Amino acid sequence: MADSSQMLANILEQPIVADRCLALDLSPPSIADIRQITFAACGTSRHAALVGRFWWQQFLDLPIGVADAADWQPMGIGANHLVYLLSQSGQTRDVMDVATAARSATLWGMTNGSATALHQATRYMLQTPAGEEKAVAATKTFLSQLLLLLRLGMKLADHAIDLAAIPAQIQTTLNRADRPCQIVAKALAADNRVILLGAGINTPIALEGALKLKETAYLHAEGLASGDFMHGPIAIVEPGFPVITIAIPDDPNYTKTIAQAQRVKSYGAYLVGITPVDAPDVGIFDVVLPIAPVTALLSPLLTVLPLQLLAYYTAQAKGLNIDAPRNLTKFIG
């Protein structure tokens with residue numbers, strides 16, 4: 001894995017970042033008076049919020065939504081509506097516009113920056129302990145957001161899940177997935193297109209993986225719910241078309257996901273699986289990007305890792321500027 005890329009360094013730092021996230025003290029205000037929660041974010045942070053919503057819906061008996069901060073729609077809100085603003089820089093203009101528009105709500109924030117505009121606008125702030133992320137494409141900050149959203153949801157609901165093994169599972173996944181990701185990256189670099197499929201809690205990970213491939217390797221990459229893919233988009237599959245499927249054995253969607261993957265393969269797709277190496281149906285995939293054994297509830301913490309590596313190696317195979325992709329800046333002000 002030796003390379004001078006800052007993106008790769010950020011990816012490989014994630015076991016340490018996970019340790020920091022698990023050690024961070026969380027003391028959120030009471031939400032006893034809150035009647036509704038809306039996450040507002042853009043891009044990678046919005047994908048983290050989509051996973052966070054899934055977790056919080058398991059723990060809290062409240063209506064929870066996710067809004068694209070770049071397309072915020074005015075709504076009747078007040079102090080009993082919690083609007084949770086996520087921005088890695090803490091300066092994202094669209095997110096700060098929501099902070100202004102929703103100022104009558106209870107505002108919480110999460111950022112990787114310090115002393116930012118978002119700090120000033122919010123009642124409660126969680127600063128992610130990822131450290132500076134110099135590469136434009138977000139990797140370790142995304143993992144930090146996931147872990148802190150998971151821990152915060154557990155804290156608010158007085159719910160306990162043992163997360164102690166997560167840093168080691170992250171390291172195992174990075175080790176196991178590295179070589180297969182290099183193999184698949186060469187195929188993607190040559191084909192320049194890919195579909196990524198997820199289900200349930202991993203649908204946002206398919207979206208995030210597609211975003212990383214767009215940002216770093218300039219691929220025509222699309223993330224979709226695997227069930228929705230069957231309703232029209234599957235028409236684009238032809239022999240050799242690359243399709244990546246996330247499949248976690250104890251997920252309620254697993255049997256359906258595998259059946260859908262088999263159908264896609266029957267049309268000649270180059271089928272790549274993100275799944276534990278000992279999963280019962282690994283044989284249907286042309287290549288497996290293996291993750292450590294994990295429950296479906298915690299799986300996004302691992303399934304995103306091969307997709308980060310894949311984006312890096314695909315950009316490398318195409319000879320691109322990995323840390324500073326064209327047309328992008330670290331945040332949109």
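Which residue in S8 stands opposite leucine 196? In this predicted model, the residue opposite leucine 196 is isoleucine 244. The briefing below begins with the sheet to which S8 belongs, an open sheet of 5 strands in the order S7-S6-S8-S9-S10. It then turns to an open sheet of 5 strands in the order S2-S1-S3-S4-S5, to helix H6 (residues 140-157), and to the nonpolar cores, of which the largest has 84 residues.

**The sheet S7-S6-S8-S9-S10**

- The strands of this open sheet, taken in the order S7-S6-S8-S9-S10, pair in the parallel sense.
- Strand S7 (220-225) and strand S10 (287-291) are the edge strands; each has a single partner strand, so one side of each has no neighbour in the sheet.
- On average, neighbouring strands of this sheet are turned by 20° against each other, direction ignored.

**Strand pairs in this sheet**

- Strand S6 (residues 193-198) and strand S8 (residues 242-246) are parallel partners over 3 bridges. Leucine 197 has threonine 245 as its bridge partner in S8.
- S6 also pairs with S7 in the parallel sense, over 6 bridges. Isoleucine 195 has its bridge partner in S7, namely glutamate 222.
- Of the 6 residues of S6, 5 are buried, so the rest of the structure largely encloses this strand.
- S8 and S9 are joined in parallel by 5 bridges, and proline 242 stands opposite tyrosine 270 in S9.
- S9 and S10 likewise pair in the parallel sense over 5 bridges. The partner of isoleucine 274 in S10 is leucine 289.
- S9 is mostly covered, with 7 of its 7 residues buried.

**Helices and crossovers of this sheet**

- Helix H8 (residues 203-217) lies across S6, S7 and S8, and its direction is at about 175° to S7.
- Helix H11 (residues 300-317) packs on the sheet and touches S6, S8, strand S9 (270-276) and S10. The direction of H11 makes about 125° with that of S10.
- S6, H8 and S7 together form a β-α-β unit that is right-handed.
- From S8 the chain passes through helix H10 (residues 254-266) to S9, and this β-α-β crossover is right-handed.

**The sheet S2-S1-S3-S4-S5**

- The 5 strands of this open sheet follow the order S2-S1-S3-S4-S5, and their pairing is parallel.
- At the edges stand strand S2 (64-68) and strand S5 (124-127); each has a single partner strand, so one side of each lacks a neighbour in the sheet.
- From one strand to the next, the twist averages 20°.
- Strand S1 (residues 36-41) runs parallel to strand S3 (residues 81-86), and 5 bridges join them. Phenylalanine 39 has tyrosine 84 as its bridge partner in S3.
- Helix H3 (residues 43-59) packs on this sheet, where it touches S1, S2 and S3; the direction of H3 makes about 175° with that of S2.
- Helix H4 (residues 93-101) lies across S1, S3 and strand S4 (106-111), and runs at about 160° to S3.

**Helix H6**

- Helix H6 (residues 140-157) contains 18 residues. The distance from its first C-alpha to its last is 26 Å, close to the 26 Å expected at 1.5 Å a residue.
- Why is H6 described as largely enclosed by the rest of the structure? The reason is that 16 of its 18 residues are buried, where buried means under 20% relative accessible area.
- Aspartate 158 follows H6 and has a positive phi, near 55°.

**Nonpolar cores**

- The largest nonpolar core has 84 residues, and those with the most contacts inside it include Trp55, Trp56, Tyr84 and Leu196. Leu213, Leu301 and Leu310 also belong to this group.
- Helix H11 gives the most to this core, contributing 11 residues.
- Not counting residues up to four places away in sequence, tryptophan 56 touches Ile37, Phe39, Ile64, Tyr84, Leu149, Leu152, Gly153 and Leu156.
- A second, separate core has 19 residues, among them Ile195, Leu197, Leu224 and Phe241.

Methods. Residues numbered from 1 in each chain as written. Predicted model: local features only at pLDDT ≥ 70, side-chain atom pairs only at ≥ 80, totals over all residues. Heavy atoms only, no water. Helix = DSSP H or I, 4+ residues; strand = E, 2+ residues; numbered from the N terminus. Expected span 1.5 Å × (residues − 1). Buried < 20%, exposed > 50% of the residue type's maximum accessible area, 1.4 Å probe, protein only. Pairing = 2+ DSSP bridges. Axes fitted to C-alpha atoms, helices over the stretch in contact; angles between N-to-C directions. Contact = heavy atoms within 4.5 Å. Core = buried A, V, L, I, M, F, W, Y, C linked by side-chain atoms within 4.5 Å. Right-handed = clockwise from strand over helix to strand, strands pointing away.
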